[in-house]
Amino acid sequence: LQSLVERYGIILGYPDQTFRGNRAMTRSEFIAALNTFLTRTQELLVQERDRKVIREEDLVTIQQLQSLYGAALEDLRTRLDRLEATTGELEANEFSTTTKLQGQAVIAFSAGSQAGSTVIARTRLNFLTSFAPQDLLLTQLETGNNGLDAIGLAHSRDRNLLGTLGVLADGGGLESVGYGPTVTLSKLYYTIRPQPGLAVTVGPRMAPRDFIDRNSFANNSAVDFSSSFFVNNPLIVQNTIDRPGGAGAAIAWNTGPFTFRTLYIAANASDPNRDQGSFLGGTQYQGSAELEYQLGRTVAVRLQYTVASINQTTVNAGGINAEWALNRKTAVFARYGFGTYRGFNTALAERIDLSPNTWAIGLFLRDVAVPGASAGLAVGQPFVEGRLGNATQTNWEVFYNLPLNDQITVTPVFSLVNNPNNRATGTIWQGTLRTVLSF
């Protein structure tokens with residue numbers, strides 16, 4: 001084959017235009033090279049049919065090669081035909097050459113004390129567009145059935161201070177509640193990476209949780225803990241800003257084991273009646289900074305600070321977010337926050353002067369009972385402040401996440417909230433069966 005290739009000037013190489021002649025050739029590579037040679041010689045015979053471009057002795061050699069490797073050549077050509085057909089089908093049904101579509105549907109059947117059974121649904125479509133290897137435009141559409149769980153209903157009966165849609169902080173039940181039936185543009189932002197380790201994001205619809213207070217074991221309500229309180233620190237990620245999103249910018253800079261993140265997001269920057277004196281004109285805004293230190297793949301610690309204005313109340317808060325993977329299957333995590341809320345709150349129509357604390361600790365387990373399944377247990381208090389109410393709210397959650405296949409997971413969840421809204425009104429419990437379809 002080598003002498004034939006050299007004699008007739010046929011170039012054999014790899015799809016990346018390299019030859020790789022300094023190493024041994026595998027049998028599969030030999031068959032591919034032989035197929036390329038035979039295809040090229042067939043073209044020569046067709047082009048030069050009136051001249052003997054191939055010598056008689058070489059034709060005999062070619063026939064011998066075809067006889068010796070005929071089965072392998074036929075198998076290769078069959079595979080190539082199938083690949084070509086598949087590629088043609090994909091190209092004919094291609095969504096976009098620059099955009100990838102991802103989707104997620106959450107359906108939760110929930111029932112609990114002081115509330116009947118209910119179904120909560122939320123669907124998200126993500127359009128991930130890239131114009132260059134180091135950029136990403138995220139467009140997210142979102143819709144739901146505006147359902148509420150038992151814990152959400154309990155909070156909403158009493159000014160909803162600490163519910164999932166709480167006025168002061170997000171310390172509620174299922175995170176997937178409260179999304180209305182209208183399809184809305186929930187996220188729209190563009191990220192570039194001008195140099196290694198540096199990411200800059202700008203956009204008219206951003207959410208703080210996408211950029212700060214991440215945690216490997218408690219940060220995704222469709223995968224791990226369902227409660228909005230356990231997926232984010234309620235003082236660091238202000239839900240009045242996070243739930244609707246807003247215009248802003250974020251920067252992440254990684255150098256070795258350290259990562260520094262900062263953001264500013266104004267929730268109502270497009271409101272014509274906004275306060276023109278603040279940056280982006282937002283009366284509802286949040287500015288945050290976070291410094292993360294990672295010790296290998298086992299330990300991560302994040303120091304955080306947030307300044308915000310919610311309903312004309314000024315918030316200053318500090319926090320710490322830590323995780324420790326004890327081994328491949330067991331991990332623990334914790335969040336702690338402290339801060340101040342001062343000013344006349346327009347949503348409550350009263351002046352407040354509060355210095356709350358918040359904390360949460362949890363355990364996360366992998367490969368529980370079956371490979372790929374996970375479980376978790378967490379407890380915490382979203383708003384520890386003696387001057388708010390006559391008790392302190394305490395949240396509990398335990399879950400077991402079972403993947404049925406690559407697209408569907410089923411998760412039974414048990415949640416409990418004692419003294420909702422910091423009121424001594426008893427305990428709310430609820431059971432939930434969460435089903436998540438990802439595509």
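This is a predicted model: local features need pLDDT of at least 70, side-chain atom pairs count only at pLDDT 80 or more; totals for chains, interfaces and linings use all residues.
Trainee: Is serine 96 buried, partly exposed or exposed?
Mentor: Its relative accessible area is 24%. Buried means under 20%, and exposed means over 50%. The value for serine 96 falls in between, so the residue is partly exposed.

Trainee: How far apart in space are serine 96 and threonine 129?
Mentor: In sequence, serine 96 and threonine 129 are 33 residues apart. In space, we go from C-alpha to C-alpha. That gives 9.0 Å.

Trainee: Which strand gives the most to the nonpolar patch on the surface?
Mentor: The patch includes Trp253, Leu291, Tyr293 and Tyr336, among others. β7 (258-266), β8 (285-295) and β11 (330-345) each supply at least two of its residues. With three residues, the top giver is β8.

Trainee: Why does tyrosine 336 count as partly exposed?
Mentor: Tyrosine 336 lies in strand β11. Buried would need under 20%, and exposed over 50%. Tyrosine 336 counts as partly exposed because its relative accessibility is 34%.

Trainee: How many residues has the largest nonpolar core?
Mentor: Nonpolar side chains tend to be buried together in soluble globular proteins. Here, Leu168, Tyr341, Leu354 and Phe383 have the most contacts inside the largest core. β7, β9 (299-310), β10 (313-325) and β12 (350-354) each supply at least two of its residues. The core's count is 28 residues.

Conventions:
Residues are numbered from 1 along each chain as its sequence is written. Side-chain values use heavy atoms; hydrogens and water are left out. Patches are made of residues with over 30% relative accessible area and no salt bridge: like charges are joined within 9 Å, nonpolar side chains (Val, Leu, Ile, Met, Phe, Trp, Tyr) within 5 Å. Accessible areas come from the Shrake-Rupley method with a 1.4 Å probe; for residues, only the protein chains shown count as cover. A salt bridge is a side-chain nitrogen of Lys or Arg within 4 Å of a carboxyl oxygen of Asp or Glu. Helices (H or I, at least four residues) and strands (E, at least two) are DSSP runs, numbered from the N terminus. Buried means under 20% relative accessible area, exposed over 50%, partly exposed in between (1.4 Å probe, protein chains only). A nonpolar core is a set of buried Ala, Val, Leu, Ile, Met, Phe, Trp, Tyr and Cys residues joined through side-chain atoms within 4.5 Å.
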